[in-house]
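Here are a few notes to read with the model open beside you. Take them one at a time, and find each spot on screen before moving on.

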Amino acid sequence: MRRQKRGRIEGSSPRHPSTVAMDGGGAMHERALRTYAKQDRAIRTRQAILAAAAEKFAEHGFGGATIADILQRAGCTKGAFYFHFATKEQVAETLLDDLDLDELTAPQKNKIQEWVDVGMKSAHCLQHSQGFRAAMRLATGSTKDQFGSVWDEWARLVNRPLFEAKERNELRDDVQPAEHSESVMLILAGAAILGADGEGDELERVISNYYAHLLPSIAGPGKWPDLHPGRGRELHRTRHSNEADGAGSALLRRIA
């Protein structure tokens with residue numbers, strides 16, 4: 001679900017001066033060049049602030065990250081910060097608004113596989129996207145009451161396939177999805193709070209092992225999914241390699 005954007009300058013590229021009509025003396029072209037340079041610099045500064053904030057929020061949480069920390073990491077002035085954002089809260093809200101959680105979905109005919117895939121893609125993004133990890137840390141722990149709407153959206157996305165699996169008789173008759181729907185979320189939330197950065201597919205391996213222990217007790221006959229660590233990474237790459245023009249809000253590219 002795409003969240004409504006906020007902020008004074010959006011991430012779209014400014015109009016290049018080559019597209020601006022020139023007058024006979026070239027004055028309009030010169031003004032267009034200056035305007036373009038200012039707009040481009042402003043966009044890059046805003047992006048630097050968001051990237052720095054994501055790093056600090058992911059490492060220290062909202063309360064532990066100060067505006068001074070963000071400014072130092074971004075390499076910009078206090079004036080530049082307040083030109084784009086009124087408060088640290090607005091920076092956090094912008095990071096959350098930039099998330100497109102629907103990118104975690106990987107529709108499958110087998111809904112148990114779909115449930116596994118959303119969890120594996122979430123694990124991949126938590127480990128390899130600083131922006132995603134920052135957003136989810138904001139939405140959990142001590143700041144959940146302040147920024148927790150993203151947690152609610154994420155939980156619905158992760159858990160929905162399990163309830164659909166029940167409706168399609170993919171689960172054993174005695175299984176109640178509600179009893180298991182929060183377990184993966186708790187593991188992922190712990191990873192967001194404790195920090196899950198690093199190389200490889202370690203967090204996916206942890207999630208995969210959890211599924212491997214759980215699924216024999218809930219999955220119906222012939223419904224065993226693919227659980228190999230690295231599946232989340234592969235699904236992410238496959239999705240974006242299929243985008244014809246590379247446009248859109250690719251989760252890792254935009255906020256990593």
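1. Let's start at Asn 169, which has a relative accessibility of 62% and so counts as exposed, since the cut-off for that is over 50%. You'll find Asn 169 in the loop between α8 (149-167) and α9. Have a look at its backbone too: phi of Asn 169 is near 60°, a positive value in a residue other than glycine. Do keep in mind that you're looking at a predicted model.

2. Next, a bit of helix packing. Two packed helices are described by the angle between their axes and the distance between the axes. On the α5 side, the contact is made by Trp 115, Gly 119, Ser 122, Ala 123 and Leu 126. From α9 come Val 184, Leu 188, Ala 191 and Ala 192. Sort the residues of this contact of α5 with α9 by class and you get seven nonpolar, two polar and no charged.

3. Stay with α9, but turn to α10 (residues 202-214). Here the angle is about 160° and the axes are 11 Å apart. That makes α9 roughly antiparallel to α10, because the angle is over 145 degrees. The crossing of α9 with α10 is right-handed. In α9, the residues making the contact are Ser 183, Val 184, Ile 187, Leu 188 and Ala 191, while α10 brings Leu 203, Ile 207, Tyr 210 and Tyr 211. By class, the contact of α9 with α10 has eight nonpolar residues, one polar and no charged.

4. That leaves α5 with α10. Their axes come within 8 Å and cross at roughly 155°, which makes α5 roughly antiparallel to α10. As α5 passes α10, the crossing is right-handed. Residues of α5 in this contact include Trp 115, Val 116, Gly 119 and Met 120, and they meet a set in α10 that includes Glu 202, Leu 203, Glu 204 and Ile 207. What classes do the residues of the contact of α5 with α10 divide into? There are nine nonpolar, four polar and two charged.

5. Eight of its ten residues are buried, so α4 is largely enclosed by the rest of the structure. The buried ones are Lys 88, Gln 90, Val 91, Ala 92, Thr 94, Leu 95, Leu 96 and Asp 97. At the start of α4, check Thr 87: one of its side-chain oxygens reaches to within 3.4 Å of the backbone nitrogen of Glu 89.

6. Now for some loop residues. Leaving aside neighbours within four places in sequence, Gly 230 is in contact with Asp 201 and Glu 204. Gly 230 and Asp 201 are 29 residues apart along the chain, yet their C-alpha atoms are separated by 5.7 Å.

7. Thr 140 sits in the loop between α6 (130-138) and α7 (144-147). Its relative accessible area is 3%, so Thr 140 is buried. Not counting residues up to four places away in sequence, Thr 140 touches Trp 151, Ala 189 and Ile 193.

8. Last stop: Cys 76, in the loop between α2 (67-74) and α3 (78-84). With a relative accessible area of 17%, Cys 76 is buried, because the cut-off is under 20%. Cys 76 touches Thr 45, Ile 49 and Leu 71, again not counting residues up to four places away in sequence. The C-alpha atoms of Cys 76 and Ile 49 are separated by 7.8 Å, with the two residues 27 apart along the chain.

Key:
Residues numbered from 1 in each chain as written. Predicted model: local features only at pLDDT ≥ 70, side-chain atom pairs only at ≥ 80, totals over all residues. Heavy atoms only, no water. Axes fitted to C-alpha atoms, helices over the stretch in contact; angles between N-to-C directions. Helix = DSSP H or I, 4+ residues; strand = E, 2+ residues; numbered from the N terminus. Parallel < 35°, antiparallel > 145°, perpendicular 65-115°, else oblique. Left-handed = near helix turned anticlockwise from the far one by under 90°. Contact = heavy atoms within 4.5 Å. Nonpolar A, V, L, I, M, F, W, Y, C, P; charged D, E, K, R; others polar. Buried < 20%, exposed > 50% of the residue type's maximum accessible area, 1.4 Å probe, protein only. Polar contact = N/O pair within 3.5 Å; in protein donor to acceptor, adjacent residues only side chain to side chain.
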